[in-house]
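Please find below a short note on the structure shown here.

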Amino acid sequence: MSESALAARGVDKRFGSLVVAANVNLALPPGARHALIGPNGAGKTTLINLMTGMLRPDAGQILLGREDVTALAPEQRVRRGLARTYQINSLFPHLTALESVTLAVCERRRVAQTWWRRLITYREEIEEAHQILVALMLGAACHRPARELAYGQQRLLEIALALASRPKVLLLDEPAAGVPREESKELFAAIAGLSRDIAVLFIEHDMELVFRFASRVIVMVGGSILVEGTPAEITSDPQVRAVYLGKAQREYRYG
Amino acid sequence: MTSTTIAEPRDYLQAQMRWRLGEIAFWLATLLPFVLAPDYLLLASQVAIAALFVLSLDLILGFAGIVSLGHAAYFGTGAYTAGLISKLGWGEPLTGLVIAALAAGLFGYVTSFIIARFRHLPLIMITLGIGLLLQESANSASWLTGGFDGLQGIHTWPILGRFRFDLYGYTAYGYALAALFVIFLGARRLIHSPFGLALRGIRDNSQRMRAIGATTHSHIRTIYTIAAMIAGAAGAVLAQSTETVSLEVLGFQRSADVLVMLILGGTGRLYGGLLGAVVYMVARDQFSGLNPQYWYFWIGLLLIAVVVVLPNGLLGGLSLLTRRAKAQS
């Protein structure tokens, strides 16, 4: 059995009587390009929160590579190579794009506690941050504060911040949420262009994007995983058609 | 322009950190009281001490977003430590200053473990609690602190064996100003370091800091300890130059005053606090002369006026004006 980059084993989570994750088993192989889909309230973001440590599961384990990280704090998981982005922008509004990503690089390299040396002497860190921004088409905007960036650029900065921690696994929570269709294709092209060393799991509602960029699709409904398969298998699965795609198609029709 | 920034991303960062003309002018202006207002040197030394204290609060509030209503605890620890060392027979001011700062820093480090776990309203309550606790402890330990009567019998030796503390405040102001300037240089270096960037990150979005793998708690403990040391140094300068320490150095009033000065001047800019200290202390001096009983009325009015008209403080207002002037020309 090949080792997975990230795995959830029998994860349960409930808020009072509301079950948000019920015996979730999921494995992300190295270099994966998996999509996580499901109707609103299916528990997709909760699952990301559970895997990244923002929430603690009531039962079950989270494995990062071979290590059990269930008891680790979010920042400790990030340092072991598990990064995420947020569905709603969560940036540093007053820091420029370059400052934000440089900060993330400095944290990864453990130099962010240094207060007696000037930041500009950290050439490598700044250069690395700049290269990440250039690769995500943010090079020209790198000296603008995050809050002044266009919305699509802010979504890209979300990804840049996650990449600065050199993740082995990247969880993207609706990376293109709120981005116009044309731009979201560019954004997904940037994601598709990421190094194959990184396993990617993304939540996305747009089925066209899902089927174009994901090699496998995981369908969640009501806190549990309904089915997992290739895009072709998912489209032809009668269960999925019943609970999810039919509904999604109706949504397209109305707007 | 775009192409040059792409070619050298460091240039822009470097430009941010360069000494500006206004900064140099500010520090030259701090020497003016020696020439222009020799009668007000004692007031000037009080202003410099207050400025040092505000600088310390700005590092935690303005840069890391840690609100405190009990910052006088560290100021007072420094003041009492400096006073006690002198009373025990060691009146050398520079070593006294360093020891007092270390003592306040130690207290800051211990309390920082509680501080790092909270934010916003709970933090206000906790810092307030720390301040009250310490003041009442000092009050009850009158064998050590002199209690309500204050610490008597402090004698400060001449600085470097040469500059005796005089009645007019020449030495007091020179000493306070030198301490302020040297510590300011350190603070300025700090905010332009990777650590300074991390503090701004915590202020902007501490949740996201965790998601980039930052150890925010240890960052907060570090800056809180540094700020406590600086507050302690300010308290030490006060104790050494006035040769007396009263319970008021630990008082709630002092914690509130320093917060007011910082908000008045503008948070998160280093110079904002300094400007706030100057305006507040001079206004207090003038108002109390005009109206000895009700002068806090005018302070209250000043505070409301500034916050309503200039939400980013005096310095925020000034920089807005200069930007507008530049845009017009």
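1. Chain B has an average pLDDT of 90, with 98% of the residues at 70 or above; pLDDT is the predictor's confidence in each residue, from 0 to 100. This is a predicted model, in which local features need pLDDT of at least 70 and side-chain atom pairs count only at pLDDT 80 or more, while totals for chains, interfaces and linings use all residues. Residues are numbered from 1 along each chain as its sequence is written, and chains are lettered from A and ligands numbered from 1 in the order in which they are written.

2. Residues 1-7 of chain B have pLDDT under 50, and the model gives them 5 contacts beyond four places in sequence (a contact means C-beta atoms, placed from the backbone, within 7 Å). Where pLDDT is low, the predicted coordinates should not be read in detail.

3. For the complex, the predictor reports an ipTM of 0.86 and a pTM of 0.90.

4. Chain A holds an open, antiparallel sheet of 4 strands in the order 2-1-4-5. Strand 2 (18-28) and strand 5 (67-68) of chain A each have a single partner strand, so one side of each lacks a neighbour in the sheet. Strands are DSSP runs of E, at least two residues, and helices are runs of H or I, at least four residues, numbered from the N terminus; two strands pair if DSSP finds at least two bridges between them.

5. Strand 1 (residues 6-15) of chain A is joined to strand 2 of chain A by 7 bridges. A:Lys13 has A:Ala21 in strand 2 as its bridge partner.

6. The contact between the chains takes 40 residues from chain A and 31 residues from chain B. Helix 3 of chain A gives the most to the chain A side, with 8 residues.

Notes:
Two residues are in contact if their C-beta atoms, placed from the backbone, lie within 7 Å.
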